[in-house]
Amino acid sequence: MFKIGLDLGYGFLKGINEEGKKVLMPSLVGTGSERTLSRVFGNGSEYDSQEVEIEASAVARDENGSLKEFTASGRYFVGELARKESRIPAFAFDRNKIAHEATMVLIGVGAALLTDRNRDIHIVTGPPLKYFKEQKKAFEQILKSYNADIAFGDGTKRRVSFAKTTVFPQGAAAVYALLTFNPDLWKPGSAIILVEVGFKTTEILTFEITENKTIVPVSSASDTLELGTSNTVKDIIDAVYQKLGVKIDSAMAEECVRREGIVYRGKEVGLGEVIRKSRRDIARTIRDEIKLIIGNRFDFVNCVSLAGGGAADLFEFFSDFYDDVRMVDDPQFANAYGYLEVAKMLDEDL
Ligand SMILES: Nc1ncnc2c1ncn2[C@@H]1O[C@H](COP(=O)(O)OP(=O)(O)OP(=O)(O)O)[C@@H](O)[C@H]1O
Ligand SMILES: [Mg+2]
């Protein structure tokens, strides 16, 4: 069975297949109209995989036990193309993401881009840790019944369904990436704090490695915080309004974060300080929360590790936090990579 790990983040979709191929795109889905401009400017090929015609459906039982059908049907723009050309790109921002039309599209597109032909797929994915209990069933039902016919802008056609599905919490998946990349931590008696900083949420996860090398999460010392790199985007919007009196949208603010400034009427206005302060604030909140939930055990763990797309941004603000502070390799893909590891472990057992 062909194994894929798919991390349906609030900000970005990350995926990796067993051959190491990766996908990364903003979790944006918009209704597609005729695409003209980007073709004129000749960058059609990059966007061809982001223009899709899709017929997707799945069923799940709601809280009352009655069957509900979820669908996505028609032409959509996804990722960067949605950001550029759709009037209302729909962030899959609902808490209950799995039931969202945008998620129905992203699952299919992500899986299709990770497979070179129609094949038997084992998908591993899941909700954030905090919602795992309440959403696990719905995730399972939807993935099991998921069925999509997809045609990309370049003519590629794919039929996506899943021969095997595994639902595993985000954040916890990153633990497997951490331990794979840092085998020295995989030793009996270790206690490790993993901080997974995403776009909208940050997972704090404390876990121990037992004598027989299994991973045991310490739930009293784990938490999901509603904060992440999008806080910096918000801070930029506020700062630009204060400095220049203009309201920019979040896509533009994300661009400002990347280039650490904004051009306003021909003048370059630096925003480096705003960004640094914002990141320092995010790091401080996370640091305080770790100390609060971990309490007396704080001095007795082996290492504090950072993962998620925000890890690199915050790393410098954690250097004085603990003696052993590490960043997981390729931190934004830690969950996706961990999902793939989970798939490998489960398929080995067969
Ligand atoms: N190549 C890249 N492309 C996009 N974002 C990147 C890249 N490298 C680092 N980042 C950072 O990663 C952040 C998003 O992190 P991540 O993908 O982990 O979030 P997410 O998983 O979508 O969010 P959440 O976990 O809250 O659902 C961006 O805001 C940006 O700061
Ligand atoms: Mg994430």
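**A loop and its surroundings**

Modeller: Lysine 213 sits in the loop between strand S13 (202–209) and strand S14 (215–217). Helices (H or I, at least four residues) and strands (E, at least two) are DSSP runs, numbered from the N terminus. This is a predicted model, in which local features need pLDDT of at least 70 and side-chain atom pairs count only at pLDDT 80 or more, while totals for chains, interfaces and linings use all residues. Residues are numbered from 1 along each chain as its sequence is written, chains are lettered from A and ligands numbered from 1 in the order in which they are written, and side-chain values use heavy atoms, with hydrogens and water left out.

Lysine 213 has a phi near 60 degrees, a positive value in a residue other than glycine. Most residues other than glycine have a negative phi. Buried means under 20%, exposed over 50%, and partly exposed in between (1.4 Å probe, protein chains only).

Arginine 265 lies between strand S16 (261–264) and strand S17 (267–270). Its phi is positive too, about 50 degrees, although arginine 265 is not a glycine. Is arginine 265 buried or exposed? Arginine 265 is exposed, because its relative accessible area is 75%.

Now step back to the wider layout. The domain assignment, which is automatic or from a database, gives domain 1 (2–170 + 337–348) and domain 2 (183–327). Their centres, taken over C-alpha atoms, are 26 Å apart. Where the two domains meet, domain 1 supplies 11 residues and domain 2 supplies 9 residues. Contact here means heavy atoms within 4.5 Å.

A database record covers some of this ground. UniProt, in an unreviewed entry, lists residues 194–316 as "domain: Actin homologue MreB-like C-terminal". UniProt positions are in the numbering used here, feature names are shortened, and annotations may be inferred rather than shown by experiment. In the model, the span 194–316 is 42% helix and 25% strand. Its end C-alpha atoms lie 16 Å apart.

Strands S13 and S14 also bring us to a helix. The buried residues of helix H6 pack against S12, S13, S14, strand S18 (303–307) and helix H11 (334–348). H6 (residues 172–181) is mostly covered, with 8 of its 10 residues buried. Among the buried residues are Ala172, Val175, Tyr176 and Leu179. Phenylalanine 181 also lies in H6. Phenylalanine 181 is partly exposed, because its relative accessible area is 30%. Leaving aside neighbours within four places in sequence, it is in contact with Val328, Asp329 and Tyr337. Phenylalanine 152 is 29 residues away from phenylalanine 181 in sequence, and the two C-alpha atoms are 35 Å apart.

Next comes strand S19 (residues 325–327), which holds valine 325. Valine 325 counts as buried, because its relative accessibility is 17%. Beyond its neighbours within four places in sequence, valine 325 is in contact with Val304, Phe315, Phe318 and Ser319. Its C-alpha atom is 26 Å from that of glycine 15, which is 310 residues away along the chain.

Last, the open space. The largest pocket holds about 670 Å³. A pocket is an open set of points on a 1 Å grid over the protein atoms alone, where a 1.4 Å probe fits, with protein on both sides within 12 Å along at least five of seven lines; lining residues have an atom within 4 Å of a point. Points are joined across faces, edges and corners, and the volume is the space filled by probe spheres set on them.

Which residues lie nearest the centre of the largest pocket? They are Phe12, Phe199, Thr229, Gly309 and Gln332, out of 37 lining residues. Elements giving two or more residues to this lining include strand S1 (2–8), strand S12 (191–197) and helix H8 (250–259). The largest share, 3 residues, comes from H8. Domain 1 and domain 2 each give at least three residues to the lining. By class, the lining has 11 nonpolar, 13 polar and 13 charged residues. Ala, Val, Leu, Ile, Met, Phe, Trp, Tyr, Cys and Pro count as nonpolar, Asp, Glu, Lys and Arg as charged, and the others, Gly among them, as polar.
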